[in-house]
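I opened the notebook for this chain today. The entries below follow the order in which I looked things up.

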Amino acid sequence: MRAETGRPCVVFDVDGTLATFDASRLGHLVHGAVKNWEAFHQAMAGAEVIAPVAHLLRRLNQVGETIVICSGRPAGWTHYTEAWLAANDLACAALYLRPDGQDEMSDPDVKRLLLAEMRADGFEPWIVVDDRSSVVDLWRAEGLACLQCAPGDF
């Protein structure tokens, strides 16, 4: 077992985990070779919160857990993500997003990179909540417990 060296935290994904994401309707905007982030963020600005997962995040915050958000959304669109989180009362200690210009990077590779950034910043995840199967596999390969909150075979 790896010794914790940083501030313990719980990591939550956004799309499909905290925010309702209809991959069959919106997936083409962000899962293809060419991404349309503007249309995606406009569509997701009013996304319904996934109530049980949001409730879990809020309860963990109430008992003093450190919450970190980690999403494949590009960093250049941070304001959209922050606005959605604030509108849905989903507070976090830190927000990690896909580096700009890295649209070709797979979601698992993005999350691996962001995990390294979290750790460099002094966070040490002890559990993760995510939906996409390939990303769940990555978290587990990195030695983290990951709660898969929805079927994520896309």
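This is a predicted model: local features need pLDDT of at least 70, side-chain atom pairs count only at pLDDT 80 or more; totals for chains, interfaces and linings use all residues.

**Entry 1: the D15 site.** I began with D15, which touches F21, F40, M44, S71, R73 and D131, leaving aside residues up to four places away in sequence. Contact here means heavy atoms within 4.5 Å. Numbering starts from 1 along each chain as its sequence is written, and side-chain values use heavy atoms, with hydrogens and water left out.

I placed D15 in the loop between β1 and α1 (23–30). Helices (H or I, at least four residues) and strands (E, at least two) are DSSP runs, numbered from the N terminus. Is D15 buried or exposed? D15 counts as buried because its relative accessibility is 13%. The cut-offs are under 20% relative accessible area for buried, over 50% for exposed, and partly exposed in between (1.4 Å probe, protein chains only). I then checked its side chain, which makes a polar contact with the side chain of R73 at 2.6 Å. A polar contact is a pair of N or O atoms within 3.5 Å; within protein, one must be able to donate a hydrogen and the other to accept it, and residues adjacent in sequence count only if both atoms are side-chain atoms.

**Entry 2: the whole chain.** I counted six helices and five strands in the protein chain. Their order from the N terminus is β-α-α-α-β-α-β-α-β-α-β. Of the 154 residues, 44% are buried. I also looked at contacts between residues at least 6 apart in sequence: 68% of them join residues at least 24 apart.

**Entry 3: helix α4.** Which residues of α4 (78–87) are buried? I found T81, W84 and L85. They lie on the same side of α4 because they cover an arc of only 100 degrees around the axis. That arc is taken from the directions from the helix axis to the C-beta atoms. The face turned away from the buried side carries A86 and A87, both exposed. Cover for the buried residues includes α2 (37–44), β2 (67–74) and β3 (94–98). Just after α4, D89 has a positive phi of about 55 degrees.

**Entry 4: cores.** I traced the largest nonpolar core to 21 residues; F12, L18, L57, I67, I69, W84 and L90 have the most contacts inside it. A nonpolar core is a set of buried Ala, Val, Leu, Ile, Met, Phe, Trp, Tyr and Cys residues joined through side-chain atoms within 4.5 Å. Helix α3 (51–62) gives the largest share of this core, four residues. Apart from it I noted another core of 18 residues, among them M118, L138, W139 and C146.

**Entry 5: aromatic pairs.** I used rings of Phe, Tyr and Trp (its six-membered ring) with centres within 6.5 Å; planes under 30 degrees apart are stacked, over 60 edge-to-face, the rest tilted. How many aromatic pairs are there? The count is two. W77 and Y80 form a tilted pair, 5.4 Å centre to centre with 40 degrees between the planes. The centres of Y96 and F123 are 6.4 Å apart and their planes stand at 85 degrees, so this pair is edge-to-face. Y96 lies in β3 and F123 in β4 (123–130), so the pair ties together parts 27 residues apart in sequence. Both Y96 and F123 are buried.
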